[in-house]
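This report goes through chain contacts, a sheet and helix packing in turn. Please read it alongside the coordinates.

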Amino acid sequence: MTVLYIHSLIVISEHHTSRKEIKEIAEKLQLTDLVLSTDARYTRHPSQADLFSAFQDFPGSIEHFPTGSIIPPPDFSYLRTKIKTDVN
Amino acid sequence: MSINKHRNILDYTLQSLLRRKFKNTGIILVFTFVIFIVSSIILLSYSLKKEAGLMLKYSPEIIVQRMLAGRHELVSTWIMTTILEIPGVSKVEPRYWGYYYDSGIKANYTIIGIGDSGIENNRLIKGRMPSAREKNVAAIGKGIADARIDIGDSLNLQNSEGKWMGFKIVGIFESDSEILTADLIVISEGDFKMLVKMPEDTATDLAVYVANETEIPTVARKIKERFPDSRPILRDEIIRTYDAVFGWRSGLILTLFAGALAAFIILAWDKATGLSAEEKQEIGILKAIGWETSDILEMKFWEGLVISLTSFMCGVILAYLHIFLLGASLFAPALKGWSVIYPDFKLVPLIDFYQIAILIAITVLPYIASTIIPSWKASITDPDTVMRG
Amino acid sequence: MEGFNYRPGYCDERIGMIKTENITKHFNKGRPDEVTAVKDVSIVIKKGDFAVLKGPSGSGKTSLLSLIGCMSRPSSGRVIVENRDVSRLPERFMTAVRRNTFGFIFQQFHLIKGLTVSDNVMLPLYPTDITPSELRKRAEEILNTLGMAGRKKFHVQKLSGGEQQRTAIARALINNPAVILADEPTAHLDTHLSEEFLSIMRNLQQEGKTIVIATHDPLVYEKEYVNLSIEMRDGIVRDAVRKS
């Protein structure tokens with residue numbers, strides 16, 4: 001385990017040196033998502049996914065992309081769209 | 001408290017474990033497997049979460065999308081001026097990006113159209129990035145390069161009119177950046193608009209930069225007020241999305257963890273439900289020849305500790321090798337789904353020792369308890385009764 | 001610590017007497033299969049005695065031996081070892097008395113399979129302060145005196161009946177007990193090996209140890225050096241004869 005610990009410290013220190021380069025790429029290309037999967041657009045860019053794309057086949061359609069079970073949709077609660085009702 | 005006594009008892013315990021080689025090897029294998037799965041999940045999810053947090057903190061502070069009936073629509077660039085007038089906003093830039101399906105290899109690419117990227121001499125790019133006014137050149141992610149081509153080759157994409165556009169590859173993102181760039185095709189803004197026939201004065205979405213972090217929510221609220229059909233996405237929300245992917249409530253983690261936990265509970269339950277006749281008799285003999293209850297329980301403690309700690313260390317070491325040296329290859333099919341382009345996870349071994357400690361607490365400690373407790377009754381009973389059976 | 005300075009011939013001078021006062025032992029009390037193995041037994045065994053508990057199977061002699069050896073507690077009555085009532089002692093102290101005073105040779109030997117002769121012999125002293133090297137030395141000495149030195153690395157399941165018994169004897173001697181208790185020691189042995197066993201016991205008695213054997217074998221209880229003969233039947237002492 002000591003060997004692995006030393007290995008982890010070495011890798012982390014190397015990562016720090018490439019961190020600057022990654023930072024530049026993320027910043028200059030304005031990237032917002034990790035490449036975790038490339039099968040559905042709402043799992044490729046989960047943070048940008050809209051309400052529509054997961055149900056694009058028909059309303060309430062069943063998930064058919066395998067990664068959709070693993071990568072959840074973003075939290076839409078911040079949209080704060082309200083419904084007002086008038087009760088007579 | 002003498003060291004010799006404990007050494008002798010530990011010595012006996014080790015001999016005892018070796019006497020039941022097959023049974024104990026079986027237990028260690030199952031236990032190690034369970035720990036391996038759970039630690040792999042812990043290491044993978046924490047490392048990815050940390051990576052996401054570290055990389056995505058360089059994203060724009062706010063992304064503004066336009067919504068139509070819940071669907072993401074192109075945004076008009078004329079609203080940029082209005083947004084720029086909001087106090088706190090330092091810069092607004094249009095983003096041009098989308099997806100391209102390559103039916104040849106059944107892969108999805110993410111295409112980005114850029115202005116002057118300002119990226120030069122970046123060690124993670126073999127070659128260079130396209131410049132703003134260049135036509136028909138592209139930089140691609142390693143996933144695409146592996147699947148298709150190299151620098152100097154040409155990548156042909158079909159535009160929305162059905163015409164083929166050729167792009168000479170001038171740059172390839174290196175594998176260390178794969179987690180961000182594996183499926184990217186970066187071309188100039190002009191080329192992008194021509195490829196997708198993007199209408200004038202529109203963009204995919206807008207990147208809004210706010211100098212003061214504390215003002216971000218206020219700026220987002222004002223954007224929403226002025227443009228009710230817009231959807232501002234804050235950088236914090238982006239990072240939180242990934243917290244959810246790798247958090248304990250995510251599908252992947254819950255499924256794997258639940259399975260592993262069930263296996264562990266079965267193992268511990270089997271131990272806890274009682275001693276075999278042979279084990280009971282052995283305890284009786286030890287009591288008869290002069291071992292105290294505390295000596296027997298100490299022996300059982302060592303037995304539990306040796307097995308659980310050995311399994312734990314093997315499991316964690318294997319998990320470390322699996323995640324950080326083999327790129328989580330066992331979990332890859334689950335994470336990959338139908339993806340053709342898929343990054344090689346070269347994860348950084350950022351380890352959450354707190355979670356590892358919790359794992360010890362919920363596996364090693366209960367296992368030791370499940371070894372000691374069934375022996376308790378036998379060890380406090382008169383040896384004569386225990387040996388008679 | 002008792003037996004720490006073991007030398008052949010040394011015996012704990014303090015153990016003068018084992019006495020039982022009206023001890024009774026029930027098994028499975030209150031259940032349909034309740035059995036009273038020992039009923040109201042009062043006996044006295046003196047230091048240096050070669051005592052025999054004789055009687056047929058089921059007479060209670062094994063149970064009485066267990067009670068004397070602090071392996072079980074009487075349901076009523078007292079067991080007194082050197083003027084100390086051990087029958088109501090907390091478990092820890094009872095174990096200490098058992099370890100320091102008695103060496104038990106079981107009818108089935110009860111050696112731990114998978115361990116060597118040497119390891120089995122050392123077992124009683126594992127949970128003590130003794131160093132591993134001292135322990136090994138002691139075990140070797142005893143095995144030498146019993147002629148088992150050559151077999152010390154053998155696993156016990158590979159031994160003959162006689163060798164297993166000598167291992168059991170060695171184990172009973174490792175802590176240099178003042179009293180040796182043996183339960184039907186000749187039950188699985190031929191005449192030759194039985195005589196060998198009795199000769200070892202006689203030597204130990206002559207070194208100052210007290211020997212108590214439960215048996216129904218006349219080969220044992222008819223020996224001339226048996227100076228206390230206690231006859232049991234149905235859990236009761238029918239007769240107790242002490243030779244002067």
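The sections below describe a predicted model.

## Basis

Residues are numbered from 1 along each chain as its sequence is written, and chains are lettered from A and ligands numbered from 1 in the order in which they are written. In this predicted model local features need pLDDT of at least 70, side-chain atom pairs count only at pLDDT 80 or more, and totals for chains, interfaces and linings use all residues, while side-chain values use heavy atoms, without hydrogens and water.

## Chain contacts

Two pairs of chains touch, and the pair with the most contacts is A and B; contact means heavy atoms within 4.5 Å. Chains A and C have no contact, and their closest C-alpha atoms lie 30 Å apart.

## Sheet of chain C

Chain C has an open sheet of six strands in the order 6-7-8-3-9-10, with mixed pairing. Strands (E, at least two residues) and helices (H or I, at least four) are DSSP runs numbered from the N terminus, and two strands pair if DSSP finds at least two bridges between them. Strand 6 (102-105) and strand 10 (236-242) of chain C are at the edges with a single partner strand each, so one side of each has no neighbour in the sheet. From one strand to the next the twist averages 15°.

Strand 3 (residues 50-54) and strand 9 (residues 228-233) of chain C pair in the parallel sense over four bridges. L228(C) in strand 9 of chain C is the bridge partner of A51(C).

Two helices lie across strand 6 and strand 7 (179-183) of chain C. Helix 2 (residues 91-101) of chain C runs at about 75° to strand 6 of chain C, and helix 5 of chain C at about 165° to strand 6 of chain C. Axes are lines fitted to C-alpha atoms, for helices over the stretch in contact, and angles run from 0 to 180 degrees between N-to-C directions.

## Helix packing

In chain C, the axes of helix 5 (residues 161-173) and helix 6 (residues 191-206) come within 11 Å and cross at roughly 15°. These two helices of chain C are therefore roughly parallel (angles under 35 degrees; over 145 counts as roughly antiparallel). Residues of this contact include I169(C) and L173(C) of helix 5 of chain C and F197(C) and L204(C) of helix 6 of chain C.

In chain B, the axes of helix 2 (residues 21-56) and helix 8 (residues 235-246) come within 9 Å and cross at roughly 170°, and the two helices of chain B are therefore roughly antiparallel.

Notes
Angles under 35 degrees count as roughly parallel, over 145 as roughly antiparallel, 65 to 115 as roughly perpendicular and the rest as oblique.
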